[in-house]
Amino acid sequence: RATDGRAKPRAQIHVLDGATGDAVDAGHWKELSQSLPIDINVIGPRDADDVMASISQELARRQQEDDILADPIYVFVINLSRFRSFRRTDDEFSFGSDDKPPGADKHFSELLREGPPLGIHAILWSDNYSNVERWLPRRALHDLEMRVVFQMGSTDSSQLLDSPIAAKLGAHRGLLYLEEAGGMEKFRPYNPPSSEWLADIARLLQQPTNSPQP
């Protein structure tokens, strides 16, 4: 909403953190939310259903009102397999009772399918393709327009990228795949930012936008 003199959009950021206590990145998102002057809602698997239901209600409102100018919402799902209620059910195409309210799995798949045109975006991380296949509806992979993969087996690579090329990646290389363009770009990933780096970024973000640059 930066046009016509209106205020810039204020994004909502929800991080559904499924990292286990012994994971290398355990606590990283909480540290990030506390370090930066940005409102980041970090929650675990136990509270994920409530957040997903709230986002689903907002999505329904935007659909009804055709509100394409609403503030953006970003939903990060870290370690997809920890969110068991998001896992697709076997009755994906069945005709169940209309009286039964949709569960978190339906809200999740609807977010992936209908959210982006209305400013609601999902960023997912999974440890392997098998969990992606078990958690997402069969058609949902096409809703993930951008995919990042690291070294994996040729079969999984073919499922995700339509090519076995990820099987040839080195240990410190990744591939960015763009669904619409059908293109791929190799890149080198970085380590998570240090506390010192986060402090510097927080300081810069807190400076007035019209302050002179050093």
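I looked up the largest nonpolar core of this predicted model. It has 33 residues. A nonpolar core here is a set of buried Ala, Val, Leu, Ile, Met, Phe, Trp, Tyr and Cys residues joined through side-chain atoms within 4.5 Å. Buried means under 20% relative accessible area with a 1.4 Å probe, protein chains only. L16, V75, V77, F86, F108, L136 and L161 have the most contacts inside this core.

The largest share, five residues, comes from α2. Helices (H or I, at least four residues) and strands (E, at least two) are DSSP runs, numbered from the N terminus.

I then picked L161. Beyond its neighbours within four places in sequence, L161 is in contact (heavy atoms within 4.5 Å) with V149, A166, L175, Y177 and M184.

Last, I turned to α2 (residues 48-65) and α3 (residues 104-114). Their axes come within 9 Å and cross at roughly 45 degrees. Axes are lines fitted to C-alpha atoms, for helices over the stretch in contact, and angles run from 0 to 180 degrees between N-to-C directions. From α2, the contact uses D49, M52, A53, I55, S56, L59 and Q63. From α3, A104, H107, F108, E110, L111 and E114 take part.

My notes on method: residues are numbered from 1 along each chain as its sequence is written, and side-chain values use heavy atoms, without hydrogens and water. Local features need pLDDT of at least 70, side-chain atom pairs count only at pLDDT 80 or more, and totals for chains, interfaces and linings use all residues.

Key: Buried means under 20% relative accessible area, exposed over 50%, partly exposed in between (1.4 Å probe, protein chains only).
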